[in-house]
Amino acid sequence: MFKVAIVCMSDKGYSGEREDLSSNVIEEILIKNNYAVSKKIIIPDDYSLIKDTLKNICDNNLADLILTTGGTGFSKRDVTPEATLEVCEKIVPGIPEAIRAYSMTITKRAMLSRAVAGIRKDTLIINLPGSPKAVKESLEYILPSLNHGLEILTGSATDCATK
């Protein structure tokens with residue numbers, strides 16, 4: 001069972017002005033698919049805080065997977081992708097590309113997502129959208145492939161070839 005940290009970036013959510021529904025959707029999907037939620041936090045859209053939070057989780061081996069929600073749009077405060085890229089040692093462009101491609105079949109606005117994914121140490125970090133509907137669609141789409149990627153990353157599987 002893989003450990004997952006859910007990190008929501010939202011100024012309004014952090015200050016209590018808005019309920020964080022997306023993290024709850026992520027948690028429900030993960031539990032239904034036998035993932036263990038090891039950490040669930042909400043922080044403001046602050047570049048340094050996002051970067052430090054992601055580094056702490058990765059560097060202290062608190063999760064095999066970090067799923068972020070929020071902060072991937074065009075607002076001046078949307079800095080999740082930039083903070084994520086700064087902490088990653090390897091970039092995993094296929095995951096956000098797949099999410100965007102799939103999401104474009106639902107809404108053309110998916111092209112506006114700036115989400116990224118990458119690896120730091122033994123942890124995969126994936127930026128997901130901020131809306132509950134988009135989070136559900138995106139996570140359910142990538143989840144079947146994530147398990148194998150996490151097995152390779154954590155060393156529980158060594159062969160990527162499919163039969």
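This short talk walks through the sheet of a predicted model and the helices packed around it.

Some ground rules. This is a predicted model, so local features need pLDDT of at least 70 and side-chain atom pairs count only at pLDDT 80 or more, while totals for chains, interfaces and linings use all residues. Residues are numbered from 1 along each chain as its sequence is written, and side-chain values use heavy atoms, with hydrogens and water left out.

Let's start with the sheet. Helices (H or I, at least four residues) and strands (E, at least two) are DSSP runs, numbered from the N terminus. Two strands pair if DSSP finds at least two bridges between them. Here we have an open sheet of six strands, and the order is E2-E1-E3-E6-E5-E4, with mixed pairing. The edges are E2 (36-43) and E4, each with a single partner strand, so one side of each is left without a neighbour in the sheet.

Now the pairs. E1 (residues 3-9) and E2 run parallel, joined by seven bridges. Valine 4 has valine 37 as its bridge partner in E2. E3 (residues 65-69) and E6 also pair, with five bridges, and run parallel. Leucine 67 stands opposite isoleucine 126 in E6.

E5 and E6 (residues 123-128) are joined by four bridges and run antiparallel. Alanine 117 has isoleucine 126 as its bridge partner in E6. Glycine 118 is partnered with isoleucine 125 in E6. These two strands form a hairpin with two residues between them, and lysine 121 in the turn has a positive phi of about 55°. E4 (residues 90-91) joins E5 by two bridges, again antiparallel. There, lysine 90 has isoleucine 119 of E5 as its bridge partner.

Next, burial. Buried means under 20% relative accessible area, exposed over 50%, partly exposed in between, using a 1.4 Å probe and protein chains only. In a regular strand the side chains alternate between the two faces of the sheet. Take E5 (residues 117-120): Ala117 and Ile119 point one way, Gly118 and Arg120 the other, and all are buried.

On to the helices. Axes are lines fitted to C-alpha atoms, for helices over the stretch in contact, and angles run from 0 to 180 degrees between N-to-C directions. Contact means heavy atoms within 4.5 Å. H4 lies across E1, E3, E4, E5 and E6, and runs at about 165° to E6. H6 packs on the sheet too, touching E3, E5 and E6, and its direction makes about 170° with that of E6.

Now helix against helix. The axes of H3 (residues 47-59) and H4 (residues 80-87) come within 9 Å and cross at roughly 45°. The two are therefore oblique to each other. For the cut-offs, under 35 degrees is roughly parallel, over 145 roughly antiparallel, 65 to 115 roughly perpendicular, and the rest oblique. Tyr47, Ile50, Lys51, Leu54 and Lys55 in H3 meet Thr80, Glu82, Ala83, Thr84, Glu86 and Val87 in H4. By class, that contact has five nonpolar, two polar and four charged residues. Ala, Val, Leu, Ile, Met, Phe, Trp, Tyr, Cys and Pro count as nonpolar, Asp, Glu, Lys and Arg as charged, and the others, Gly among them, as polar.

From H5, Ile95, Ala98, Ile99, Tyr102 and Ser103 make the contact; from H6, Glu137, Ser138, Tyr141, Ile142 and Leu146. This contact divides into seven nonpolar, two polar and one charged.

Leaving aside its neighbours within four places in sequence, glutamate 137 is in contact with Tyr102 and Ile106. Its C-alpha atom is separated by 27 Å from that of tyrosine 47, 90 residues apart along the chain.
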